[in-house]
Amino acid sequence: MKRFATIVALVALVLLAVFLLYPLALVLDASIRVDSTGAFTFGNYATIVKSRYYLGSIGNSLLAAALATGLACAIGIPLAFSLARIDVPGRALLLTLASLPLVLPSFVSAYALVLLFGHAGVVTTALRGIGIPIGSIYGMPGIVIVFTLTLYPYVLMPVLAGFQAVDASMEEAGRNLGGSQSYVIRTVLLPIVMPAILAGGLLVFIEALENFGVPAVLAEDRPFLAVDIFKLFAGESDANPAAAGALSVLLIACTALALLVQRHYLGKRRFSTAARSAPAKLVLTPALRLLAAIMSWGIVIVSLLPFAAVLMVSVLRFRGPVLTWELGLDNYATLLSGSYRPLLNTLTLASVAAVATMLIGAPIGYVVARHRSRLSGLLDFIGMVPFAVSGTILAIGLIVAFNSGPLVLTGGWLILVIAYVVRKLPFAIRSSSAIVHQLDPSLEEASINLGVSPSRTFAALTVPLMASGLVGGLVLVWITAASELSSTVVLYSSRWVTTTVVMYHAIEGTGAGLAAAAAAVLILVTAIPLLLINRRTSKQETTVI
Amino acid sequence: MTAIRIENLARSFGAVRAVDNISLHIAHGELFTLLGPSGCGKTTLLRMIAGFVEVETGSISFGDKRIDNLPAHHRDTGMVFQNYAIFPNHTVAENVAYGLKARKVPPAEIKSRVDKALERVRLTGYGPRAPHQLSGGQLQRVAIARALVIEPAVLLFDEPLSNLDAQLRTEMRIEIRQLQQALGLTAIYVTHDQEEALAISDRIAVLRQGKVEQVDTPERIYLRPQTAFVAEFLGSTNMVPGVAKAFDGRNTQVAAAGTEFSVRGEIAKPGAKVLLSLRPEALRLADSSDGPRVEARLALREFLGPVQRLHATLPDGTPLRVAALGGAAFDAVPGAPLALAYDPDQIIAFPAS
């Protein structure tokens, strides 16, 4: 049993060392060297600290992430409360829809904002036509809006779970001791869900800080960290890998700090009240209930509208950059006329990456959950590092690491798959260790006791028992890999262009119709498997012992 | 023949000595119970035998074969888990066949052995069912069949009945005992339920904080406890502190609770502090017969049907529980004096620390 765990842990640690830590070390190394000579220096950092531009870039990124976190909490917490405690009509559907923004590509949402409210946006032109000018959505406002609308489920989901895990007796005890409804909410309910709020909020902060696609689409002239790193590394005119390295290290420092704060805080506070009876729905006046329904549905609909708009625009004709109101599949024709290749690449790469991620992540998750040792603790920690590393930075590290030397991967498909696997690995580890936690360890012990070796027990008993959960993880990894932009845009080669890359270039250039079609394809590619898996799990929930 | 020899076995978790230098010899065909409160190390000891907890020092042998260095899946033990651990993704028959497949038994033989095992636990015809269609007691039987069918060297039971209701628990322990005796298997049985341990065992080891307090037959464990802990853990005895007085050649007088007790034998030097264990059923309402008696006062009476429990106080206020048959005529009211007779041989004295 121990040997099996040790082997898994060692193999996983070697893989992570080669494809995660080594590339990151090279990025760190580049940041403390003079670009041309390779001499040791802190000059790159000094340049950043002295440069108004880079300081602005750091400031903008932090500000946007902080604002998005605040707003995501501001809409996520009331929404969670409504879904948990108020009889909102269509609650089940609302829950399914509310989780969609997490897996739909956020830069598509950003692009939809451009389509609607950009310089030549549908709404902008319409309003301008009747004499109402609207402010620019480029820069900070648009970016914060998109982050808020795509990331709020990170707050909603844990907080909702928190509200539902509070046993009815908690509140009843508070009321029985003489507290008013609002006093009890303030002193009992909120403190219990506080860890969930913090956990979700910090995730929003980290994701917003790292995100490349949204500022790439919406920033215009405003500097943002993730975009600047990309330009400094891959830019044609003003490339400066050393400065890119220094900025990367600063970005990683920010996200790592946020992650450590979260872990530290959650390590001390875990309120599990093991709810036996869920609290009753609040009795509200019809007016208040209507208000809650409007708010809940309003948030979810507004967050999904951009995606609907993209789907709609994709079937309209463009005349040059100008949108007409004629229906037609011209955009799709343009998208596919070049080649089916990008779409095929997207599907292939996502499939290979998803299978590989789960094959590597499931044993790691199992070992982390079952075998507490120093080695598995280390594995647990390193396995979470990708959370703190943006896709762009990982991709840069991979290029630096595998552009020459014994293992050359740049320009091929494998480097893309490796980037996806490393980036999605924390998710695979977390989801499979969560499943393992629900499996009684004595099941495995019974199997071993009956004469089946630990490794065969894992393959023949544990994996089948984890299967339904693993399929869910597989689909989610597949979806997020298919819509991955930040590392793809650094790592792709002409042979391995993906749909996200096509869309990115179409937005950068003038292919508005092409971008809309590519975005629509991405939405369909991600939404369809998600809906399938949702149906599957809701059917299976009752049969899982 | 599978006798089990456990020599100087030890295991710590951090600063806690979970199993502290335990040696036990278990004879072939014996049902040997590890009894103790939670945290006494009984489950750790069982899991060391099964191979799920590593041995720090000491050794475990089945017959002449040392097994503590073997991996768990080569130890040939059949374990029945507290929560049954029935594989939910396999049918009842597949669960029972699991260990036979691992041993590469030919399919035809597997079928007949599985059928026989299910028949033995009175689950004939349940083979094709899924586990979630079975009740707790039936799942328990599947778990037993699954452990029996591999004809293990040793059967291990980890609190197998603790998830069943009281009625089923007493039925199942009789079935387990009969199966174990019929098959002549050596079995180690872990429980915290003293009644279960007394009812089922050939011998019992009472464990406390990783150490063995006493190993004996159920009768001797109950009637002749060697330590105050054993006396208190088995049954709800009255522990009364006192001071030994003179030995009269047959009994020792002990001053305790404002009165005096006679205890058989020379239990301590005069002036030594002792602890007396007085079983509630060793005290009876005094009738005209002679013999030593003690004066108490009735505080409360509980009528429980077959028996009634009297809560009395000794002269200095020490509470004393007395068991009497439910049918015994009794008309004293709380506060009334109560004369209690006893047999000096049934009072056990321990040195007070």
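How many helices and strands does chain B have?

## Chain B as a whole

In this predicted model, chain B has eight helices and 20 strands. Its C-alpha trace spans about 75 × 45 × 35 Å along the principal axes, and of its 353 residues 49% count as buried. When contacts in chain B between residues at least 6 apart in sequence are considered, 64% of them join residues at least 24 apart.

## The four-stranded sheet of chain B

Four strands of chain B form an open sheet in the order β2-β1-β4-β5, with antiparallel pairing. The edge strands are β2 (16-26) and β5 (65-66) of chain B, each of which pairs on one side only. Within this sheet, strand β1 (residues 4-13) of chain B and β2(B) pair in the antiparallel sense over seven bridges, and Leu9(B) stands opposite Ile22(B) in β2(B). Helix α1 (residues 42-50) of chain B lies across β1, β2 and β4 of chain B, and it runs at about 115 degrees to β1(B).

Ser59(B) belongs to strand β4 (residues 57-62) of chain B. Is Ser59(B) buried or exposed? Ser59(B) has a relative accessibility of 14% and therefore counts as buried, the cut-off for that class being under 20%. Leaving out residues up to four places away in sequence, Ser59(B) touches Arg5(B), Ile6(B), Glu7(B), Leu9(B), Arg66(B) and Asp68(B). Ser59(B) and Ala323(B), in contrast, are 264 residues apart in sequence and 45 Å apart in space, C-alpha to C-alpha.

## The five-stranded sheet of chain B

Another open sheet of chain B is formed by five strands in the order β13-β12-β11-β14-β20, and here too the pairing is antiparallel. β13 (259-264) and β20 (348-351) of chain B stand at the edges with a single partner strand each, so one side of each is left without a neighbour in the sheet. From one strand to the next, the twist averages 45 degrees. Strand β12 (residues 251-256) of chain B is joined to β13(B) by six bridges, the two running antiparallel, and Thr252(B) stands opposite Val263(B) in β13(B).

## Helix packing in chain A

Two packed helices are described by the angle between their axes and the distance between the axes. In chain A, the axes of helix α12 (residues 225-234) and helix α18 (residues 391-402) come within 10 Å and cross at roughly 20 degrees. α12(A) and α18(A) are therefore roughly parallel to each other, a description that applies to angles under 35 degrees. Their crossing is left-handed. On the α12(A) side the contact is made by Ala226(A), Ile229(A), Phe230(A) and Phe233(A), and on the α18(A) side by Thr392(A), Ile393(A), Ile396(A), Ile399(A) and Val400(A). By class, this contact of α12(A) with α18(A) has eight nonpolar residues, one polar residue and no charged ones.

How are helix α16 (residues 341-370) and helix α21 (residues 454-482) of chain A packed, and at what angle? These two helices pack at about 140 degrees, with their axes 8 Å apart, which makes α16(A) oblique to α21(A). The crossing of α16(A) and α21(A) is right-handed. Among the residues that meet are Leu347(A), Ala350(A), Ala354(A), Met358(A) and Tyr366(A) in α16(A), and Phe458(A), Met466(A), Leu470(A), Gly473(A) and Trp478(A) in α21(A). The residues of this contact of α16(A) with α21(A) divide into 16 nonpolar, five polar and no charged.

Phe107(A) is placed in helix α5 (residues 106-117) of chain A. With a relative accessible area of 5%, Phe107(A) is buried. Apart from its neighbours within four places in sequence, Phe107(A) is in contact with Gly213(A), Val214(A), Val217(A), Ser483(A), Leu485(A), Thr500(A), Met503(A) and Leu522(A). The C-alpha atoms of Phe107(A) and Phe147(A) are separated by 9.5 Å, the two residues being 40 residues apart along the chain.

β1(A) pairs in the antiparallel sense with strand β2 (residues 322-327) of chain A over three bridges. In this pair, Phe318(A) stands opposite Leu323(A) in β2(A).

Note on methods. Residues are numbered from 1 along each chain as its sequence is written. Chains are lettered from A and ligands numbered from 1 in the order in which they are written. This is a predicted model: local features need pLDDT of at least 70, side-chain atom pairs count only at pLDDT 80 or more; totals for chains, interfaces and linings use all residues. Side-chain values use heavy atoms; hydrogens and water are left out. Axes are lines fitted to C-alpha atoms, for helices over the stretch in contact, and angles run from 0 to 180 degrees between N-to-C directions. Angles under 35 degrees count as roughly parallel, over 145 as roughly antiparallel, 65 to 115 as roughly perpendicular and the rest as oblique. A crossing is left-handed if the near helix is turned anticlockwise from the far one by less than a right angle, and right-handed if clockwise. Contact means heavy atoms within 4.5 Å. Ala, Val, Leu, Ile, Met, Phe, Trp, Tyr, Cys and Pro count as nonpolar, Asp, Glu, Lys and Arg as charged, and the others, Gly among them, as polar. Buried means under 20% relative accessible area, exposed over 50%, partly exposed in between (1.4 Å probe, protein chains only). Two strands pair if DSSP finds at least two bridges between them.
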